[in-house]
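Good morning, everyone, and thank you for making time for this. Please have the sequence and the model open while I talk, so that you can follow along.

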Amino acid sequence: MRGVKIVGTGSALPSRVMTNDDMAKIVDTSDEWISTRTGIRSRCYCDTRAGESHRSLVRDAAARSLDAAGIAPEQVGVCLVATFTADTCTPSAACLLQADLGMPEDTLCLDLNAACAGFVYGLHVAECLLPGATRPYALVVGADTLSRVMDFEDRTTCVLFGDGAGAAVLECREGYPELHAVWGSRGDDSSLVAPGVGCDEPSYLHMDGRAVFRFATEVMPRCTTEVLTAAQVSADEVDRFVYHQANKRIVDFAVKKLGLDPVKCEGNIDHTGNTSAGSVPILLDELVRAGKITSGNRVLMAGFGAGLTWAGVLAEFA
Ligand code: UT7
């Protein structure tokens, strides 16, 4: 049977760094409140004057992942971008990426929206699509520019989010393992909402933070256990747990509940904030580049977000 492995990762954070003290100049908040409630110390926003955009972040993260994999754009058969904040509704971010990198016409290009769980969903979707694709490599990007949909007068949301993109290249091959994906969604239209085209102005993101917190602390441990069960491995056999970076307290809760080794669950929310679909692949890439994920490692990734959605996979690095 054919399965997949990750053969390369990449990421891109924009250049405009906003510290908690910077946020305190905009809304009634403090470094103390933000860092103790969330673990966030700074986040990055696109500097449009410097030419940074959703498109440029996607392109840079994707190009770096292909470079790390030693794969040319012409070898990609599936190109997915998980996002809900692309520069345009259509053309898709995936088609713009195809144009930017020069991927062939028979590359299957599409965007998918599963909010903050989007990248993990995307890995599973790519695994499903690859056996029927023209070429055995998939480029999966998670990218969001939340600064575009944030209400900078709402302290309960604007301090939490940042912009960023991450990417992974999957190779499909005979003898490679399955991802053992688990997923779900809950058809919730009020806990976390970012209105789109045609909606009432102003179209900002709204969130019931406490409701999402309760949901997250329920699904993250459950998702982890379900992936381990599906893969028939113990937590000790997993080298790293890469969790969606929404709030350090959510990850700490899951780590404690599951009795995981905290060293294997290191996050990066301190300097990224919540980058939604970018969150898991940015952390993944930072761990790879720091030598903390290496060839042969098994990595459990899990995310949750608006929808309400959640997903988990166990992926092996080639
Ligand atoms: O990617 C998926 C989406 N997002 C999430 O996963 C977020 C999940 N939720 C959370 O992480 C947390 O619920 C938050 C970080 C959003 C909020 O933390 P909390 O401990 O649940 O705070 P709270 O909403 O219960 O608010 C506590 C207090 C309130 O004041 P009162 O009513 O106690 O007087 C808020 O008005 O903190 C106040 N508050 C703030 N104070 C200073 C809310 N935001 C801020 C702020 N600065 N930025």
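I will begin with the ligand and then turn to one helix.

Please keep in mind that what you see is a predicted model. Around the ligand there are 23 residues, and the closest of them are T29, R210, H244, N247 and N274. If we sort this shell by residue type, we find eleven nonpolar residues, seven polar ones and five charged ones.

Let us look at individual contacts. R210 places a polar side-chain atom 2.6 Å from an oxygen atom of the ligand, and R37 has a polar side-chain atom 2.8 Å from a ligand oxygen atom. How much of the ligand does the protein bury? Taken alone, the ligand exposes 950 Å², and the protein buries 76% of that.

Two or more residues of the shell come from each of α2 (31-38), α6 (155-158), α7 (209-231) and α8 (248-258), and the largest share, four residues, belongs to α7.

Now to helix α3, which runs over residues 54-69, has 16 residues and reaches 23 Å from its first C-alpha to its last, close to the 22 Å expected. Its buried residues include L57, V58, A61, A62, S65 and L66. In general, residues three or four places apart on an α-helix point the same way, because there are 3.6 residues a turn. The buried residues of α3 pack against β1, β4, α4, β6 and β7. Just after the helix α3, G70 takes a positive phi of about 70 degrees.

Note on methods:
Residues numbered from 1 in each chain as written. Predicted model: local features only at pLDDT ≥ 70, side-chain atom pairs only at ≥ 80, totals over all residues. Heavy atoms only, no water. Near = heavy atom within 4 Å. Polar contact = N/O pair within 3.5 Å; in protein donor to acceptor, adjacent residues only side chain to side chain. Areas by Shrake-Rupley, 256 points an atom, 1.4 Å probe, with all protein chains shown as cover. Nonpolar A, V, L, I, M, F, W, Y, C, P; charged D, E, K, R; others polar. Expected span 1.5 Å × (residues − 1). Buried < 20%, exposed > 50% of the residue type's maximum accessible area, 1.4 Å probe, protein only. Contact = heavy atoms within 4.5 Å.
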